[in-house]
Amino acid sequence: LVFEMASSFPVKHWPATDAILPSHLIQLKNPTIFQGKINSWDFARNWVPELICDLLGEKTTTFKVCPLWGTRTYRKQFEEDQVLFETDCQFVEATFADFRAWLGEKARTHAGSTDDPRGADSNVSSTGGDDGATACVTAQHQRDQTHEGSRDAPLTKKARLLSGNPLIRYPPSQYWVYADYKYMTEVCSDVPELLCAIDWSVFGFPGRDGTQSTLWVGSRGACTPCHYDTYGCNLVAQLSGKKKWTLFSPEDSAKLYPSRLPYEESSVFSSINVESADLSRHPNFATATAYEALLSPGDVLYVPPHWWHYVQCMEDSVSVNTWLELPSDDNERVKEALVRTLVSTVFECSDENSRSKWVNPNEVIFPLEQNIQLLSMALTQAAASQHGSGWSGSITAEDLIAAATDSDVIELMASRLLRRLGDGNTDAAKEGGANEGGASP
């Protein structure tokens, strides 16, 4: 069943000359799109994927690669309603020049094509803002950088394997490629003008630029699974192409069947493919309210704390974001330290197959001693925030055991596990046609 989006949220039109204060953002309870606020980002508004790849050239990073939804390759590996987590993707070390060549192969493969397995309405990347000059500059860059052989036939399988480009082995007709969540201080270290091109002072954060931002460069169809971030709130600037954001309120959290697996610090994932949900398995999702936003170049989206979001590249696209800190982050870091400690402990005792599915590839599992040190640091910071002074001393493994085995904690865990067992039996009965009821999240 394809879940139909129910609502949209307001688009704020802020005069370019009017300042936005951080207090304005924090007071917003719903996701909000700002238009016209980054018109002053003259250079950044030219950033199409090809230009970014040309500027970063031989810089090596890790690209996420996954089959396009609905393709033959996808159907061979995944169920239609399956959630594609990072543990289901492949990760390829390559240069941005390699990605540029892959995009060129993609252009040859899809020349004149307009169909999109993710439902995009266009095969052409958009350019930033309303400025016709900007569009002309970007289009000219693309024409100048296109190789003479761009209209040649796609590479054969043998040619792909012999090219030396690790991305070329993934046919663009079957796969998407994503350089996602890249700290600009790392990937743009050799091109400082990229860092200076981002200026969040237009939102009331003077001095915040690319050094406090992350870069996202993806091909059409690339996506991020539905999740919410436990820390802070988010400002996302769409620089080229279009991205669709599907958002859910924190009030609907239980209806999204939250999970901490695969584990990633500060990310709580939904167990549901929000585009193709199986309501027989997740009946409560039917009453969740989805808010959909299609971001175009020049749009900036504000995502309030703990709002769920599923993000798709409808076209080849570039965006940057910055996470804004909140006073509640100190308490959230204590919780995250506890989750990391629990996951790490169980992880160390698990088999190799479970390990590959439990932890995202970008995460590092620490030994117990190091996790306890991190937990002590988080508790110290939280105590300082709450009481105005630090907490002397540190916790021990014995303290952790005492807290985890507190009678109230054990009672809550037992209750949750019994309910989970009951849900499993309910699902089994439903499959046998014996029960029409829905399982609790």
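The lining of the largest cavity comprises nine nonpolar, two polar and one charged residues; here Ala, Val, Leu, Ile, Met, Phe, Trp, Tyr, Cys and Pro count as nonpolar, Asp, Glu, Lys and Arg as charged, and the others, Gly among them, as polar. The model is predicted: local features need pLDDT of at least 70 and side-chain atom pairs count only at pLDDT 80 or more, while totals for chains, interfaces and linings use all residues. Residues are numbered from 1 along each chain as its sequence is written, and side-chain values use heavy atoms, with hydrogens and water left out.

Empty space is found by rolling a probe the size of a water molecule over the atoms. On a 1 Å grid over the protein atoms alone, a cavity is a set of points where a 1.4 Å probe fits but cannot get out, whereas a pocket is an open set with protein on both sides within 12 Å along at least five of seven lines; lining residues have an atom within 4 Å of a point. Grid points are joined across faces, edges and corners, and a volume is the space filled by probe spheres set on the points.

Two cavities of 30 Å³ or more are counted by this rule. The largest cavity has a volume of about 110 Å³. Twelve residues line the largest cavity, and Gln82, Val83, Leu84, Asn273 and Tyr310 lie nearest its centre. Strand S7 (residues 223-229) gives the most to this lining, with three residues; strands (E, at least two residues) and helices (H or I, at least four) are DSSP runs, numbered from the N terminus.

The second largest cavity has a volume of about 50 Å³. Its lining includes Asp229, Cys233, His306 and Trp323. By class, that lining has seven nonpolar, four polar and one charged residues.

Attention now turns to a pocket. The second largest pocket has a volume of about 1200 Å³ and is lined by 50 residues, of which Tyr181, Tyr183, Glu264, Trp323 and Asn362 lie nearest its centre. Strand S5 (residues 175-183) gives the most to the lining of this pocket, with five residues. The lining residues of the second largest pocket divide into 16 nonpolar, 18 polar and 16 charged.

Finally, two helices may be considered. The axes of helix H9 (residues 329-348) and helix H11 (residues 368-387) come within 8 Å and cross at roughly 165°. Axes are lines fitted to C-alpha atoms, for helices over the stretch in contact (heavy atoms within 4.5 Å), and angles run from 0 to 180 degrees between N-to-C directions. H9 and H11 are therefore roughly antiparallel to each other, a term for angles over 145 degrees.

Note on methods: Parallel < 35°, antiparallel > 145°, perpendicular 65-115°, else oblique.
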